[in-house]
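Here are some notes for a first look at this entry. Please read them with the structure open beside you.

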Amino acid sequence: MDISNFNYQPIILTLQLAASTVIVLLVIGIPISWWLAHTKNRFRPVFEAVVALPLVLPPTVLGFYLLILLGPNGWIGKPVEALSGSHLSFSFTGLVIASTFYSLPFVVQPLYNAFDSIGKVPLEVAWTLGASKWDAFWTVASPMALRGYITAIVLGFAHTLGEFGVVLMVGGSIPGKTKVLSIEIYDRVETLDYAHAHFLSAGLLSFTFLVLFIVYYINKKLPVNFS
Amino acid sequence: MNLLSAKFKIVLGDFKLNVDIETPVHGFTVLFGPSGSGKTSFLRCISGLERAPEGFLQINEEIWQDESRKIFIPPNKRNIGYVFQEMRLFPHLNVEGNLRYGLKRLAPEIDDSLFSQIVEIMGLVSFLSRYPRNLSGGEKQRVALARALLTRPRLLLMDEPLAALDMRRKQEILPYFQRMQSELNIPILYVTHSLNEVLQLVDTMLLMDQGKVIAAGPVEEVLSHPHLGQHLGHKLVGTILDTTVVRQDEEFQLTVLKFNSHTLYVPRREVSPGDKLRIHIRAEDIILSIEPIANKTSVLNVLPAKVIKTIPSDDDKCKVSVKLDIGCSILATITRKSLSHLNIKSGQNIFAHIKAIRMAHELN
């Protein structure tokens, strides 16, 4: 394997995708988890099931429906294309949208667990001390849910790094645009370039292990109990 | 003087709260009643943490809730202090961070002298940089109390703040309550199901049972209300007297107390002359006699009295309550048979023999 003309593009693209996905997931995942942890709505199990779907569904199924939705004639793809003039499917934006769905449970569930275990009492205390609900969310609930946040960010990031099926369905394998690490590895194996495949796989393996190890280590060091 | 008008109707699970009272709140008001009588729900309605669908709440001129006009001031705008049963400190903030949380939001104009004063009253000077996980139960409760006090609340609500503490810790924290009352003068509404822990502090009492306020008034009046035995527990029905310590009788190991012109003897306590001591005399611990037989019985405390009136008991057909005047009114419970036998009439002079006197904080 010749290191000098090694192609870093898929790695950079993968990191960009994972980072963007985590940011989008935090923006939509925090309100969803908060709502799930505090709602008394009787349809809550329905929403919980929808959020958990990507955990069990074959990525190809998810990818297939996303492709239809995001495609030039899809409910989302068509209006977006009309407004911006560019395709959603087979684009980086399309990939971020797809990854968001795919990694949703990995962000929502740790946050939901954290918010749920805090309960409403600390918020009531903050409330009686003059904090608005919004204030109490940032100054009480969020610091107390720190472990949940870290777990959510890391799992969301790591899970996006490893996605394959959904990306293949929605993004294809366009170098520099949608060709992420897992697909690059697949291509290398297909072309019997085992050395390159090894290098990328081992890199991904060690990186992911390291990240997860750091999370579990930090979480152990963060004793946040309400007393 | 603060006047509290509260009207709440709310169903919580299979429990119904139905309260409609108007009461002055100043000094120490205790909300007393058995577990499950609705005390906490009532307190939560006052704080705004619970919103009663039919509700009205006014303190002096300020209306905090009026559902008929869709007015509801949320808890963070009510300027109340709330001390919860378990201490509920924020685990991610140290003691100073906890103390300043409410201060920053509700009373930012406060100067540091009040902060130091309250920290000093609650004995927290050396704790400021510690985290809640390194505090004992009693210390946490003092932090929670100081945190609420620092918001300069119009009204301090306390929900069984001592319930989670053992006997020794309770005794430890009571002096802080006393100092808080004498130095800060914030009206307190205090929920408890065991009156003994605070009886020495109470001015006004609201008695609750089954979601309703059964009685409200000065503590002496409520406790000496002959018909409240079934709600209060018969052991509590009686008279409260605020006495002054005169001297210690070393020979017989007694403490001599004075109340109006009367002298009372109790087993020796660790107190000094001039101390105020609140005592409780159960209605059942008073024996009445027509003649002065003091030197013919072993009873130490005998008071001359005048019968005000007799009140038949509600739930015990053989008993009668007798209200006596000894400079203030005092309640005795005797059998109906004795009443008829002694032929006791209103206005009659009589002698009250007091079998036992309890210190307010030693009641059970």
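How many helices and how many strands does the secondary structure of chain A come to?

1. Chain A comes to 11 helices and 0 strands. From the N terminus on, its elements run α-α-α-α-α-α-α-α-α-α-α. The C-alpha atoms of chain A fill a box of roughly 65 × 45 × 30 Å, taken along the principal axes.

2. Keep in mind that this is a predicted model. It scores ipTM 0.80 and pTM 0.82. For chain B, the mean pLDDT is 88. In that chain, 98% of the residues reach 70 or more.

3. Chain B has both kinds of element: 8 helices and 21 strands. Its radius of gyration is 23 Å, close to the 21 Å that the globule rule gives for 364 residues, so chain B is as compact as a globular protein of that length. Along the principal axes, the C-alpha atoms of chain B fill a box of roughly 70 × 55 × 35 Å.

4. Back to chain A, and to its helix pairs. Two packed helices are described by the angle between their axes and the distance between the axes. Start with helix α1 (residues 9-38) of chain A and α5(A): their axes come within 7 Å and cross at roughly 45°. The crossing of the two is right-handed. By class, their contact has 17 nonpolar, 7 polar and 1 charged residues.

5. Next, follow helix α5 (residues 92-118) of chain A to helix α8 (residues 146-161) of chain A. The two pack at an angle of about 160°, with their axes 8 Å apart. Angles over 145 degrees count as roughly antiparallel, and α5(A) and α8(A) are therefore roughly antiparallel to each other. Here too the crossing is described: α5(A) passes α8(A) in a right-handed one. On the α5(A) side, the contact includes A:S99, A:S103, A:F106 and A:V107. On the α8(A) side, A:Y149, A:A152, A:L155 and A:H159 are among the residues that take part. The residues of this contact divide into 8 nonpolar, 8 polar and 1 charged.

6. Which helix does α8(A) meet with its axis at roughly 170°? The partner is helix α11 (residues 194-221) of chain A, and the two axes come within 10 Å. That angle makes α8(A) roughly antiparallel to α11(A). In α8(A), the contact residues are A:R147, A:I150, A:T151, A:V154, A:A158 and A:L161. They meet A:L204, A:T208, A:V211, A:L212, A:V215, A:I218 and A:N219 in α11(A). This contact divides into 9 nonpolar, 3 polar and 1 charged residues.

Key: Residues numbered from 1 in each chain as written. Chains lettered and ligands numbered in written order. Predicted model: local features only at pLDDT ≥ 70, side-chain atom pairs only at ≥ 80, totals over all residues. pLDDT = per-residue confidence, 0-100. Axes fitted to C-alpha atoms, helices over the stretch in contact; angles between N-to-C directions. Helix = DSSP H or I, 4+ residues; strand = E, 2+ residues; numbered from the N terminus. Parallel < 35°, antiparallel > 145°, perpendicular 65-115°, else oblique. Left-handed = near helix turned anticlockwise from the far one by under 90°. Contact = placed C-beta atoms within 7 Å. Nonpolar A, V, L, I, M, F, W, Y, C, P; charged D, E, K, R; others polar. Rg over C-alpha atoms; globule rule 2.2 N^0.38 Å.
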